[in-house]
Amino acid sequence: MASGAEAGHNLAMEVVVLKEGGFCLGVESAVEKALGAARENGKAYLFSPLVHNEKVNERLSEMGLEAIGNRPLEDLDPAYPIVLSAHGHCPALEEALRAKGFRFIDATCPFVLANELAIAREGVVDIIYIGHEGHEESLAALSFAKGKARLYPPGGKEEVPAGLTAPRVHVQTTVELDGFWKSYERIKGKYPDAVLRGRPCKATVERQEAIKGLTGDFDLIVVVGSSSSRNADSLLRTAKGHHPEIESHLISGPEEVPESWSRRKKAAVIGAASTAEEEIEGVAERLREI
């Protein structure tokens, strides 16, 4: 049985819920800030999804957090503050909001913010950022660079950007640890003088290590999270990469548990960093019932 796990039993299946899953500190902080803004002002706006979990964002909307969507700022009421997502944002966004008279609540994850500030402190140097193209965190982090910044995807399969001098290497907090190291090794192969400035955050590493450490007779690994979450995707990749003999799946909640899984004998369940505890427990209970 996995270290630090809670187990439940019935005749059909043994279910082990890994304690490392569920809201990370960054998500907890963002949710608390968003709900506090709604309570204090009657409602608040969400500039973009607070976290990459549709169910969490839907619950927030029921509690006074109104998604802006594609509406222009001119259509909003400046009496209500705007909450900025946990994934970070470009500094220019804050300037634009101030110029239009809006208050805003910065719900950026503390670890993401620390990465952004570290990039800003680099000054005019070459930077390689290991992260996913188009991801909100990557876009925000790169906007803090004062010098030449290049994005390089985790996995080390693509050519490393050329023409750089002693690049500083930063990383998206939620990337798969194995893919991160492969990319960094490829970068070091091209630039022996590259300097590593960061690693995936503690919550990301702990969850992935919990999956890697699974031993025994598991025949099912279930990651509970959104398909839009890179954190959840990294957990699924870790499961498939380190336990290819075990069937691994990503689902968003108990309603997605198929009856066919009733043939499994022992399942490990872990939630992504933006997955609420009730969804994780709901999946575990559903698995025990089928």
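Biologist: What is the volume of the largest pocket?
Modeller: About 250 Å³ in this predicted model. Its lining has 13 residues, and Pro154, Gly155, Glu176, Gly179 and Arg237 are the closest to its centre. Helix H6 (177–190) and H8 each give two or more residues to that lining. H8 gives the most, with four.

Biologist: How many cavities of 30 Å³ or more does the structure hold?
Modeller: One.

Biologist: Why is Trp261 called buried?
Modeller: The cut-off is under 20% relative accessible area. Trp261 has 4%, so it counts as buried. Trp261 is found in the loop between strand S12 (247–251) and strand S13 (266–271).

Biologist: Which residues are in contact with Trp261, beyond four places in sequence?
Modeller: Met13, Leu220, Val222, Glu247, His249, Ile251, Leu287 and Ile290. Pro81 is another matter: its C-alpha is separated from that of Trp261 by 45 Å, at 180 residues apart along the chain.

Biologist: What makes a group of residues a nonpolar core?
Modeller: They must be buried, of nonpolar type, and joined through side-chain atoms within 4.5 Å. The largest such core here has 21 residues. Val31, Leu50, Val51, Leu60, Leu65 and Val83 have the most contacts inside it. Helix H1 (25–41), strand S3 (44–46) and helix H2 (54–62) each supply at least two of its residues. The largest share, seven residues, comes from H1. Apart from this core lies another of 16 residues, among them Val15, Val257, Trp261 and Val283.

Biologist: What is Val51 in contact with, its neighbours within four places left aside?
Modeller: Val27, Val56, Asn57, Ala86, His87 and Ser274.

Biologist: Which residues of H4 are buried, and what do they pack against?
Modeller: Val112, Asn115, Glu116, Ala118, Ile119 and Ala120 are buried. The buried residues of H4 pack against strand S7 (127–130), helix H5 (136–142) and strand S9 (168–171). Just after H4, Gly123 takes a positive phi of about 75 degrees.

Biologist: What makes the phi of Ala166 worth a remark?
Modeller: Most residues other than glycine have a negative phi. Ala166 is not a glycine, yet its phi is positive, about 40 degrees. Its place is in the loop between strand S8 (149–152) and S9.

Biologist: How do you know where to trust the coordinates?
Modeller: By the pLDDT, the predictor's confidence in each residue. The protein averages 95, and 96% of the residues score at least 70. Over residues 1–10 the pLDDT is below 50, although this stretch has 27 contacts in the model beyond near neighbours in sequence. Where pLDDT is low, the predicted coordinates should not be read in detail.

Note on methods. Residues are numbered from 1 along each chain as its sequence is written. This is a predicted model: local features need pLDDT of at least 70, side-chain atom pairs count only at pLDDT 80 or more; totals for chains, interfaces and linings use all residues. Side-chain values use heavy atoms; hydrogens and water are left out. Buried means under 20% relative accessible area, exposed over 50%, partly exposed in between (1.4 Å probe, protein chains only). Contact means heavy atoms within 4.5 Å. pLDDT is the predictor's confidence in each residue, from 0 to 100. On a 1 Å grid over the protein atoms alone, a cavity is a set of points where a 1.4 Å probe fits but cannot get out, and a pocket is an open set with protein on both sides within 12 Å along at least five of seven lines; lining residues have an atom within 4 Å of a point. Grid points are joined across faces, edges and corners, and a volume is the space filled by probe spheres set on the points.
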